[in-house]
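Please examine the sequence and the structure shown below. The questions that follow concern the strands and their surroundings.

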Amino acid sequence: MTLFPAALLFVTVALAAPPQVAPAELMPFLKVVTTSAGAPGRIACRDMDLSMQLKKGGVSPDAKAPVAWAANGEQLKDYLADGKLVVAGDAAMLKDGAGIAIVLEKGRPVILVSLKNVQASGVTLSDALLKISRVR
(Lines give C-alpha, C1' and ligand atoms only; values in the text may rest on other atoms or scores of the structure.)
Protein backbone atom coordinates (compact mmCIF):
# COMPACT_ATOMS: atom_id res chain seq x y z
CA MET A 1 0.00 0.00 0.00
CA THR A 2 1.43 3.38 -0.95
CA LEU A 3 1.47 6.30 1.41
CA PHE A 4 -1.48 8.13 -0.19
CA PRO A 5 -4.06 5.29 0.07
CA ALA A 6 -2.90 4.54 3.63
CA ALA A 7 -3.35 8.20 4.61
CA LEU A 8 -6.74 8.31 2.90
CA LEU A 9 -7.83 5.17 4.77
CA PHE A 10 -6.72 6.69 8.10
CA VAL A 11 -8.61 9.93 7.42
CA THR A 12 -11.73 8.02 6.38
CA VAL A 13 -11.69 5.88 9.53
CA ALA A 14 -10.98 8.91 11.74
CA LEU A 15 -13.88 10.84 10.23
CA ALA A 16 -16.23 7.88 10.61
CA ALA A 17 -15.64 7.62 14.38
CA PRO A 18 -18.33 9.38 16.41
CA PRO A 19 -17.23 12.38 18.44
CA GLN A 20 -16.71 11.53 22.08
CA VAL A 21 -18.36 13.31 24.98
CA ALA A 22 -15.68 15.15 26.94
CA PRO A 23 -15.03 13.73 30.44
CA ALA A 24 -16.22 16.94 32.11
CA GLU A 25 -19.55 16.70 30.26
CA LEU A 26 -19.73 12.94 30.81
CA MET A 27 -19.49 13.11 34.60
CA PRO A 28 -23.05 14.27 35.44
CA PHE A 29 -24.47 11.65 33.07
CA LEU A 30 -22.44 8.87 34.68
CA LYS A 31 -23.59 10.03 38.11
CA VAL A 32 -27.22 9.83 36.99
CA VAL A 33 -26.73 6.40 35.38
CA THR A 34 -24.91 4.89 38.37
CA THR A 35 -27.47 6.28 40.81
CA SER A 36 -30.32 4.96 38.68
CA ALA A 37 -28.67 1.53 38.55
CA GLY A 38 -28.37 1.36 42.35
CA ALA A 39 -24.62 2.02 42.55
CA PRO A 40 -24.41 5.77 43.22
CA GLY A 41 -21.09 7.18 42.08
CA ARG A 42 -19.48 3.78 41.37
CA ILE A 43 -18.49 2.43 37.95
CA ALA A 44 -15.99 -0.13 36.70
CA CYS A 45 -13.53 1.54 34.32
CA ARG A 46 -10.27 0.30 32.76
CA ASP A 47 -9.48 3.54 30.92
CA MET A 48 -6.78 5.15 33.08
CA ASP A 49 -7.32 8.68 31.78
CA LEU A 50 -11.06 8.50 32.34
CA SER A 51 -10.54 6.90 35.77
CA MET A 52 -8.52 9.93 36.84
CA GLN A 53 -11.25 12.26 35.58
CA LEU A 54 -13.90 10.17 37.33
CA LYS A 55 -12.13 10.52 40.66
CA LYS A 56 -11.88 14.29 40.20
CA GLY A 57 -15.58 14.44 39.33
CA GLY A 58 -16.80 12.45 42.32
CA VAL A 59 -17.34 9.09 40.61
CA SER A 60 -15.33 6.20 42.04
CA PRO A 61 -13.82 3.63 39.69
CA ASP A 62 -14.87 0.33 41.30
CA ALA A 63 -14.27 -3.04 39.64
CA LYS A 64 -17.11 -4.56 41.71
CA ALA A 65 -19.74 -2.02 40.60
CA PRO A 66 -22.68 -3.43 38.59
CA VAL A 67 -22.15 -0.69 35.97
CA ALA A 68 -19.07 -0.49 33.73
CA TRP A 69 -17.65 1.94 31.18
CA ALA A 70 -16.39 0.19 28.02
CA ALA A 71 -13.96 2.13 25.87
CA ASN A 72 -13.70 -0.60 23.20
CA GLY A 73 -15.17 -3.89 22.01
CA GLU A 74 -12.83 -6.06 24.08
CA GLN A 75 -13.83 -4.30 27.31
CA LEU A 76 -17.48 -4.58 26.26
CA LYS A 77 -17.16 -8.38 25.88
CA ASP A 78 -15.35 -8.72 29.21
CA TYR A 79 -17.89 -6.64 31.13
CA LEU A 80 -20.82 -8.45 29.51
CA ALA A 81 -19.27 -11.77 30.53
CA ASP A 82 -19.14 -10.41 34.10
CA GLY A 83 -22.87 -9.59 33.92
CA LYS A 84 -22.43 -5.82 34.18
CA LEU A 85 -24.60 -3.09 32.71
CA VAL A 86 -22.24 -1.59 30.15
CA VAL A 87 -22.12 2.12 29.33
CA ALA A 88 -20.22 3.26 26.24
CA GLY A 89 -19.44 6.42 24.33
CA ASP A 90 -20.39 4.96 20.95
CA ALA A 91 -23.98 4.20 19.92
CA ALA A 92 -22.74 1.37 17.68
CA MET A 93 -21.81 -0.58 20.84
CA LEU A 94 -25.53 -0.88 21.67
CA LYS A 95 -25.91 -3.45 18.91
CA ASP A 96 -23.02 -5.42 20.44
CA GLY A 97 -24.59 -5.57 23.91
CA ALA A 98 -23.99 -2.25 25.69
CA GLY A 99 -27.06 -1.16 27.62
CA ILE A 100 -26.40 2.57 27.54
CA ALA A 101 -24.52 4.91 25.22
CA ILE A 102 -23.76 8.51 26.09
CA VAL A 103 -23.11 10.29 22.82
CA LEU A 104 -23.12 13.71 21.23
CA GLU A 105 -26.09 14.66 19.08
CA LYS A 106 -26.11 18.13 17.59
CA GLY A 107 -23.28 19.03 19.95
CA ARG A 108 -25.12 17.96 23.13
CA PRO A 109 -24.71 14.79 25.18
CA VAL A 110 -27.69 12.41 25.15
CA ILE A 111 -28.34 9.06 26.80
CA LEU A 112 -29.38 6.20 24.53
CA VAL A 113 -30.77 3.07 26.20
CA SER A 114 -31.22 -0.43 24.78
CA LEU A 115 -33.91 -1.92 27.02
CA LYS A 116 -33.15 -5.44 25.79
CA ASN A 117 -29.49 -5.12 26.78
CA VAL A 118 -30.30 -3.46 30.12
CA GLN A 119 -32.69 -6.30 30.97
CA ALA A 120 -30.04 -8.87 29.99
CA SER A 121 -27.64 -7.29 32.51
CA GLY A 122 -30.10 -7.82 35.35
CA VAL A 123 -29.75 -4.18 36.43
CA THR A 124 -32.94 -2.19 36.88
CA LEU A 125 -32.91 1.46 35.83
CA SER A 126 -35.13 4.08 37.39
CA ASP A 127 -38.10 5.45 35.50
CA ALA A 128 -36.58 8.92 35.90
CA LEU A 129 -33.52 7.90 33.84
CA LEU A 130 -35.67 6.28 31.18
CA LYS A 131 -37.74 9.48 30.88
CA ILE A 132 -34.67 11.60 30.07
CA SER A 133 -33.19 8.99 27.71
CA ARG A 134 -33.86 7.91 24.17
CA VAL A 135 -35.01 4.33 24.61
CA ARG A 136 -34.48 1.87 21.77
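Q: In which sense do strands β3 and β4 pair, parallel or antiparallel?
A: In this predicted model, local features need pLDDT of at least 70, side-chain atom pairs count only at pLDDT 80 or more, and totals for chains, interfaces and linings use all residues. Residues are numbered from 1 along each chain as its sequence is written, and side-chain values use heavy atoms, without hydrogens and water. Strands are DSSP runs of E with at least two residues, and helices are runs of H or I with at least four, numbered from the N terminus; two strands pair if DSSP finds at least two bridges between them. β3 (residues 67-70) and β4 are joined over 4 bridges, and the sense is parallel.

Q: Which residue of β4 stands opposite A70?
A: V67 faces L85 in β4. For A70, the residue opposite in β4 is A88.

Q: Are the residues on the two faces of β4 (residues 85-88) buried or exposed?
A: Buried means under 20% relative accessible area, exposed over 50%, and partly exposed in between (1.4 Å probe, protein chains only). L85 and V87 lie on one side and V86 and A88 on the other, and all of them are buried.

Q: Which strands stand at the edges of the sheet?
A: The open sheet has 7 strands in the order β2-β1-β3-β4-β5-β6-β7, with mixed pairing. Each edge strand has a single partner, so one side of each lacks a neighbour in the sheet; these strands are β2 (60-61) and β7 (134-135).
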